[in-house]
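Biologist: Could you walk me through how to read a few features here? I'd like the general idea, then the case at hand.

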Amino acid sequence: ALEFQDDYAADTISNAKNLAEGLWSRGMKVFAPDHGFTESHTILVDVQEFGGGAEVSLRAESQGLVMNKNMLPGDTSAILPSGIRLGTPEMTRLGMGGDEMDEVADLIHLAAIGGKDSEVRSRVSKLKERFSKIHYCWPTGDGAYDDPIFSRLE
């Protein structure tokens, strides 16, 4: 951590800002646009118009995108909240940057609006194939998910 934490933290926040900007430019209601969207690794998005946080997060997960449903101010149900919460640490750890955040924003938007599952799933797979090595650490030669435990999760 002492060697890589400053770059990793800065890149994680930059990626969160880029992802938020990509979602915002596609018409999604990202919180705090007047404040640069975020100063951390997380983004909060109101997806009520797309069916709400529970529906969007499940739809996206079926297409290879993982996010959390999240309550927003005014929500009364944690089971059926209005929002989703997105984070960039893992994408950053795998070496993704601004260009990839725009691609991820497009994929999240497509999943939210109910785009073709096969198209989104295929694009997610191709993106993930390009990023399988861990960054912000000393080289080990291993892929990020080479541990046998990950093969049981697929």
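**A serine, a helix and a core**

Modeller: Keep in mind that this is a predicted model. Start with a side-chain pair: Ser82 and Asp75 are linked by a polar contact of 2.6 Å.

Biologist: Where does Ser82 sit, and is Ser82 buried or exposed?

Modeller: Look in the loop that runs between β3 (68-70) and β4 (83-87). The cut-off for buried is under 20% relative accessible area; Ser82 has 11% relative accessibility, so it counts as buried. Apart from neighbours within four places in sequence, its contacts include Val45, Gly52, Asn70 and Leu72.

Biologist: Next, the helix. Which residues of α5 are buried?

Modeller: The general idea: an α-helix has 3.6 residues a turn, so residues three or four places apart point the same way. In α5 the buried ones are Val120, Val124 and Leu127. They span an arc of only 65 degrees around the axis, which puts them on the same side of α5. Ser118, Lys126 and Glu129 are exposed on the other side.

Biologist: What do the buried residues of α5 pack against?

Modeller: They pack against α4 (98-113).

Biologist: And how many residues are in the largest nonpolar core?

Modeller: It has 32 residues, and Leu19, Leu23, Val45, Leu65, Leu86 and Ile108 have the most contacts inside it. Elements giving two or more residues to this core include α1 (5-25), β2 (42-46) and α5, while α4 gives the most, with 8 residues. Take Leu86: leaving out neighbours within four places in sequence, its contacts include Leu19, Leu23, Val45 and Ile108.

Notes. Residues are numbered from 1 along each chain as its sequence is written. This is a predicted model: local features need pLDDT of at least 70, side-chain atom pairs count only at pLDDT 80 or more; totals for chains, interfaces and linings use all residues. Side-chain values use heavy atoms; hydrogens and water are left out. Helices (H or I, at least four residues) and strands (E, at least two) are DSSP runs, numbered from the N terminus. Buried means under 20% relative accessible area, exposed over 50%, partly exposed in between (1.4 Å probe, protein chains only). A polar contact is a pair of N or O atoms within 3.5 Å; within protein, one must be able to donate a hydrogen and the other to accept it, and residues adjacent in sequence count only if both atoms are side-chain atoms. Contact means heavy atoms within 4.5 Å. The arc is that of the directions from the helix axis to the C-beta atoms. A nonpolar core is a set of buried Ala, Val, Leu, Ile, Met, Phe, Trp, Tyr and Cys residues joined through side-chain atoms within 4.5 Å.
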